[in-house]
Amino acid sequence: MNEQAVRTGIALLLLLGVALGVMTYGGLGYRREMAVAALRALVQLVAVALVIAWIFSHPQWAFAYLALMLVVAAYTSNRRIGGDARDRMAILLAILLGASATVAIVSVTGALEFSAQTLLPFAAQMIGGAMTAASLAGVRLRDDVKDQFTVFEGYVALGATARQAGREFAQRAAERSLFPTLDQTKSAGLVTLPGAFVGMLLGGASPLLAAQIQLLVLIGLMLAQTITALITTRTISPVSA
Amino acid sequence: MSTDAHEHVFQLDDVSVVYGTHAAVSKVDLAVHARQITAFIGPSGCGKTSILRSLNRLNDLVPGARVEGLVSYRGTDVYADGVDANDLRRRVGMVFQKPNVFPSSIYDNVAYGPRLHRLKGSLDDRVEAALMKAALWDEVRTDLHQDAHRLSGGQQQRLVIARCLAVDPDVILMDEPCASLDPIATERIEELMIDLAADYSIVIVTHNLQQAVRVSDMTAFFTADYAEDGTRHGRLVEYASTEQLFNAPADPITRDYIEGRFG
């Protein structure tokens, strides 16, 4: 174990220990949950770091990793929405199309080098962002339909299928799902320093390069999430079976 | 009046509507006559709305809902395999208790159905004809592209009727269409129903007995029986011409209900 890892370990123990101490002092609950969450994060991040390190030396496995991530994202999002197997497939396609359109643009333009080192983390972030958009848009769609069920029935009573009727609610649901990214993008650098930017600075990159990469991520998320939200709201069933 | 002399649009044989394991209404037999107004009356929980919604298969949207027995529309079992419920709903339109206008313009509300079904001919003409038949054209002709929510309740309900008419239906189902309207708006809808019955078959669920007397040709009276566990089970008590049902009811329960003794 190198010296840096030891120092990180000491810092982590101190950070967590002081946090738990402050919580105890303030009479706050959830100390146990906090400690468990920290432990989980440690295990998960070390595991993922090992996997990614292995993939960097075996780049032919990058696609398998992304495919697995895609499947997990579709399952997670579909569970949030409460959809069936057909909805899950629709969500999987929506995330796939959103993320791949973005990755295609950044790699074809050469903005990111075509290598596992750059495209894997970028694609992973796009899949994660697209998953969030799919969940928000799908939940929103079903809530809206439930809230305005008599209007929904009005479309169906004229001979629309449930999906055709759902399309009348799709636009608003898709728009709403983009708000978090819109806010994040607007406030980037002012109210918050976004993750990729901070990470690159910490890793020793120049601030301008960090800004470039962060912009690719933010604007990339806009595209990935827009595509994913639109497809999700137009293809999943608007009512639970 | 002999019912056999009539053309039937709907024929119900031993129809029950079941939600999960609970039969909301059971064993209904009746025939809906063409180009007449048929009223379904009865106390809350008697299943009249469930039966109405079985006619256009709108209960298909309710998880766990199921229809037993035979509902036939012009000779076809509407619940048979291979029957397209969306096609049925184009032929059998529906007007709801609260006017459920779409969040778009007056024009787009009426044009929704023709666009959906890609109906032939000029869309403008079709929208105009539907609004004329629904007795709304004169009030909205200069505001066709205004938001439909700006109309009054009575106008919104006539817009919903126009929306149905725009896809050339055969039957119009109305689920308490005047429940949210004032007496003047109600009167306009009732006049409109009587006009429309020249060309369309209408089935209306109403809590208003006077309305049934004023507009309908045939009336079905449903009642609700309470089981020991408190659940309600609807059944059809009597189905006859409106005149006969109100003046000479065959069943004492019908008489008690129309005389206002319960419900």
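Which residues in α8(A) meet which residues in α10(A)? I started my notebook with that contact.

**Ground rules.** I am working on a predicted model, where local features need pLDDT of at least 70, side-chain atom pairs count only at pLDDT 80 or more, and totals for chains, interfaces and linings use all residues. Residues are numbered from 1 along each chain as its sequence is written, chains are lettered from A and ligands numbered from 1 in the order in which they are written, and side-chain values use heavy atoms, without hydrogens and water.

**Entry 1: α8 and α10.** I found A:T181, A:L182, A:Q184 and A:T185 on the α8(A) side. They meet A:L218, A:I219, A:L221, A:M222 and A:Q225 of α10(A). Contact means heavy atoms within 4.5 Å. By class I noted five nonpolar, four polar and no charged residues. For the classes, Ala, Val, Leu, Ile, Met, Phe, Trp, Tyr, Cys and Pro count as nonpolar, Asp, Glu, Lys and Arg as charged, and the others, Gly among them, as polar.

Next I looked up the geometry. Helix α8 spans residues 179-187 of chain A and helix α10 spans residues 207-235. Their axes come within 10 Å and cross at roughly 165°. That makes α8(A) roughly antiparallel to α10(A). Axes are lines fitted to C-alpha atoms, for helices over the stretch in contact, and angles run from 0 to 180 degrees between N-to-C directions. Angles under 35 degrees count as roughly parallel, over 145 as roughly antiparallel, 65 to 115 as roughly perpendicular and the rest as oblique. The crossing of α8(A) and α10(A) is left-handed. Left-handed means that the near helix is turned anticlockwise from the far one by less than a right angle; clockwise is right-handed.

**Entry 2: A:T185.** The cut-offs are under 20% relative accessible area for buried, over 50% for exposed and partly exposed in between (1.4 Å probe, protein chains only). Leaving aside neighbours within four places in sequence, A:T185 is in contact with A:L218, A:I219 and A:M222.

**Entry 3: α6 and α7.** I moved to helix α6 (residues 149-157) and helix α7 (residues 162-177) of chain A. Their axes come within 9 Å and cross at roughly 135°. That makes α6(A) oblique to α7(A). The crossing of α6(A) and α7(A) is right-handed. α6(A) contributes A:V151, A:F152, A:Y155 and A:V156 to the contact. α7(A) contributes A:A162, A:A165, A:G166, A:E168 and A:F169. I noted seven nonpolar residues, one polar and one charged.

Why is α6(A) largely enclosed by the rest of the structure? Seven of its nine residues are buried. Among them are A:E153 and A:G154. A:G159 follows α6(A), and its phi is positive, near 105°.

**Entry 4: A:A74.** A:A74 lies in helix α3 (residues 62-81) of chain A. A:A74 is buried, at a relative accessible area of 0%. Beyond neighbours within four places in sequence, A:A74 is in contact with A:R88, A:I91, A:L92 and A:I95.

**Entry 5: whole chain.** Chain A has 10 helices and zero strands. Helices (H or I, at least four residues) and strands (E, at least two) are DSSP runs, numbered from the N terminus. Buried residues make up 34% of the 241 residues in chain A. The C-alpha atoms fill a box of roughly 70 × 55 × 35 Å along the principal axes.
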